[in-house]
Amino acid sequence: LGLCLGGGILAIASAIAGHLDPDPRVLLLMDEGDPTHVIVMASLTVLIAPIVEETLFRGLLLESLRGRGTRTAVFGSAVFFAVWHFIPSALVYYTLLGAALGGLYLKRGLASSMAAHACFNGVVTVAAIIVVLGPGTSYDVGGLALTAPVNWSEDHAQEASPDSLVLDGPDSQVDLNLILGGEQPFNADESAQRMRISPDLITDGATIEADTIREVQLPTVGEAVEADVSVG
């Protein structure tokens, strides 16, 4: 039941989005792609969450409501389960999921609802790992090659010139504007100094980290200036 529900919902969401589209919260928390984030998030979703939530909402809450009738107990605990996840737009979705797990608990017991819950979360978690660790999507912006993570996609709703790109991520949007041309020859020292003086970028909350500004030699390009950028 857990695998079928998780796979079905993932398939519908991905079909609507046009790409593999797991739970954005799971994706966001393991978006760094490093082993620590992936292992911790997988442990939370597949092990800890099913044990805690099933004990709380089925083992305790549903049981405490059984004196009011089975239907009230199942849907009452399901509503609290939905509110617990604190996503207003997904209240119906989580209520139905909670009701399915409640019905399974009544028929097969707490271990069974925990197993189904773990399998459901496992499908979403595996999909998120595939997205995070998978190859990125490549874009060409005015001759500049850019590779973005799979879970970032181009925003076609925005009007963009051949020298600009708008990308939508799990929780933010980034605008890339490439400034081409200019009669003056490129000077790495001057460019690095300008970046130190004006570290703020066009995108809200994006800042150049001054201590990371460095002059480099790039293949096929030559002299260049690189820097790390924080977006948050």
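User: Let's start with serine 77. Is serine 77 buried or exposed?

Analyst: Serine 77 counts as buried, because its relative accessibility is 0% and the cut-off for buried is under 20%. Keep in mind that this is a predicted model.

User: Fine. Which helix does serine 77 lie in?

Analyst: Serine 77 lies in helix α4.

User: And what does serine 77 touch, not counting residues up to four places away in sequence?

Analyst: The list is Phe57, Leu61, Leu62, Leu65 and Thr72.

User: What about glycine 76, where is that found?

Analyst: Glycine 76 is found in helix α4 too. Once residues up to four places away in sequence are set aside, glycine 76 touches Leu65 and Arg71. Leu65 is also one of the residues that serine 77 touches.

User: OK, new spot. What's the phi of phenylalanine 86?

Analyst: Phenylalanine 86 has a positive phi of about 55°, although it is not a glycine. For background, most residues other than glycine have a negative phi.

User: Where does phenylalanine 86 lie?

Analyst: Phenylalanine 86 is in the loop between α4, which covers 70-84, and α5.

User: Buried or exposed, that phenylalanine 86?

Analyst: Phenylalanine 86 counts as exposed, since its relative accessibility is 72% and exposed means over 50%.

User: Let's switch to the strands. Which strand has serine 138?

Analyst: Serine 138 sits in strand β1, residues 137-141. At 57% relative accessibility, serine 138 counts as exposed.

User: What is serine 138 in contact with, leaving aside neighbours within four places in sequence?

Analyst: Leu146 and Thr147.

User: How far apart in space are leucine 146 and glutamate 63?

Analyst: The two are 54 Å apart, C-alpha to C-alpha, and 83 residues apart in sequence. For another pair, serine 138 and histidine 19 are 119 residues apart along the chain, with their C-alpha atoms separated by 15 Å.

User: One more residue: alanine 224. Where is its place?

Analyst: Alanine 224 is in strand β8, residues 222-226. With a relative accessible area of 10%, alanine 224 is buried.

User: What is alanine 224 in contact with, leaving aside its neighbours within four places in sequence?

Analyst: Phe186, Arg214, Glu215, Val216 and Leu218. The C-alpha of alanine 224 is also 8.5 Å from that of asparagine 187, which is 37 residues away along the chain.

User: Now zoom out. How many helices and strands are there in the chain?

Analyst: The chain has 7 helices and 9 strands. Its radius of gyration is 24 Å, well over the 17 Å that the globule rule gives for 232 residues, so the chain is more spread out than a compact globule.

User: What does the C-alpha trace span along its principal axes?

Analyst: About 80 × 35 × 25 Å. Buried residues make up 33% of the 232 residues. The chain exposes about 13900 Å², and 62% of that is supplied by carbon and sulfur atoms.

User: Last topic, the second largest pocket. How much space lies in it?

Analyst: About 650 Å³. The pocket is lined by 28 residues, and the closest to its centre are Asp23, Arg25, Val26, Tyr93 and Tyr94. Two or more lining residues come from each of α1, α2, α3, α5 and α6.

User: Which element gives the largest share of that lining?

Analyst: That's α3, with 5 residues.

Terms used
Residues are numbered from 1 along each chain as its sequence is written. This is a predicted model: local features need pLDDT of at least 70, side-chain atom pairs count only at pLDDT 80 or more; totals for chains, interfaces and linings use all residues. Side-chain values use heavy atoms; hydrogens and water are left out. On a 1 Å grid over the protein atoms alone, a cavity is a set of points where a 1.4 Å probe fits but cannot get out, and a pocket is an open set with protein on both sides within 12 Å along at least five of seven lines; lining residues have an atom within 4 Å of a point. Grid points are joined across faces, edges and corners, and a volume is the space filled by probe spheres set on the points. Helices (H or I, at least four residues) and strands (E, at least two) are DSSP runs, numbered from the N terminus. The radius of gyration is taken over C-alpha atoms; the globule rule is 2.2 Å times the number of residues to the power 0.38. Buried means under 20% relative accessible area, exposed over 50%, partly exposed in between (1.4 Å probe, protein chains only). Accessible areas come from the Shrake-Rupley method with a 1.4 Å probe; for residues, only the protein chains shown count as cover. Contact means heavy atoms within 4.5 Å.
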